[in-house]
Amino acid sequence: MKRTIFCLAVMIITLFMAMTIVVAEINPPQVGGVFPEIDLLKPNNSVDLKYLGLSGSGSFKVSQVKTEVVIIEIFSMYCPYCQGEAPNVNKLYASIENNPAFKNKIKIIGIGINNSLFETDIFKKKYKVEFPLIPDGDFKLHKIMGEVRTPYFIVVKLKGGKTEVIYSRLGALGDINVFLGQIAKLSGLQ
Amino acid sequence: MKKLLFLPALVIFCIFAQSACALSDAYKNNIYNPGELKPVDSVLKVKTGQTAPSFKLKAVSGKMISLQDYRGKKNVVISFVPAAWTPVCSDQWPGYNIIKDIFDSNDAVLLGITVDNIPTLYSWTNQMGKLWFEVLSDFWPHGAVAKKFGVLRSDGVAERALFIIDKKGVIRYIDVHNINQRPPLETLVRELEKLKIR
């Protein structure tokens, strides 16, 4: 009898632990939560490195970007919707860079799911993307971020080395002025 | 009791076995996931250095496309993919769709082939945006062209395979890829560029 109870307990604990892991992994970063401490590959060009306020090679974390807000686009070079959304995200980038209230306070990075550096570079060149695109060739980052569909946008507020997710949503941005206004309000920039 | 203990492990395995493919929201929930498949399930009938088997197939565009039409004019990349509305395949051709310039610079065209019928291919490829390359249906006689190349699997779908055929009609590169994975783009581009130095 004791053995049966012990076995049942092992089963329940195992199932519970598995469910906990799965729930933690399948959910994208939630608004109000902390952004995962993922290691991103540093860009291999000085322009992108300077944009992020970084130097050298290796990896970096979102919290290390020299800014107050980071907009993260989860995309893939192979995703038709991401291809269609690229001009709109470029407009967003331009709106930020051309607005003194936002320049240097909001940065954008793209994470290319299951894309090699070669593939993210093709996307960058094809759509004339001026912000850094980071490859996630082996789905490692994608798994941590809840295996979201693409494009998916996450906005992270940075303060004192800490991160707070203020926006997390699947799909195109729509009107970038509306989106930017929303982000400015949520982040406290305006 | 040992059998009962096996159950949680089985549940965990089943949950994690679902891979993240066909990521684009363009397909929403319309992708059927067959799970992990045998990487390769056919025996090649051609090899590099040989003349590629001739074929003529109907394209989604309505044209009849013959490999012979490109002889002496263009290098040809043939991309066999297993089936419409499945993972990986749905994320493969949209990538090729934004590198027409690379194909052009290597004097090459791309022909996409599956064993699906034209209406299915029409609906599926519509989700990818406007494709610049021809998409051919090897539906009837079922998989006849895939069979000629030796890339028809035992369940009737094609392998995920790439063939580069030069202007003389000679096969210069073959990649019968693991059906569960997308072939690296850089490899295809590198092989295409090799044609320039031949």
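Here is a short walk through some backbone features of this predicted model and one of its helices. Residues are numbered from 1 along each chain as its sequence is written, with chains lettered from A and ligands numbered from 1 in the order in which they are written. Local features need pLDDT of at least 70 and side-chain atom pairs count only at pLDDT 80 or more, while totals for chains, interfaces and linings use all residues; side-chain values use heavy atoms, leaving out hydrogens and water.

Let's begin with the backbone. Most peptide bonds are trans, and most residues other than glycine have a negative phi. In chain A, A:T150 and A:P151 are joined by a cis peptide bond with omega about -5°. A:P151 sits in the loop between α5 (140-144) and β6 (152-159); helices (H or I, at least four residues) and strands (E, at least two) are DSSP runs, numbered from the N terminus. In chain B, the bond from B:W140 to B:P141 is cis, with omega near -10°, and B:P141 lies in the loop between β5 (134-137) and α5 (144-149).

Now for phi. A:N114, not a glycine, has a positive phi of about 60° and is found in the loop between β4 (106-113) and α4 (117-126) of chain A. B:D107 has a positive phi of about 55°. Its relative accessibility is 27%, so B:D107 counts as partly exposed (between buried, under 20% relative accessible area, and exposed, over 50%; 1.4 Å probe, protein chains only).

Finally, look at α3(A), which bends by about 40° at A:A86, with a proline, A:P87, following within four residues. The bend is the angle between axes fitted to the seven residues ending there and the seven starting there. Buried residues of this helix include A:A86, A:L92 and A:I96.
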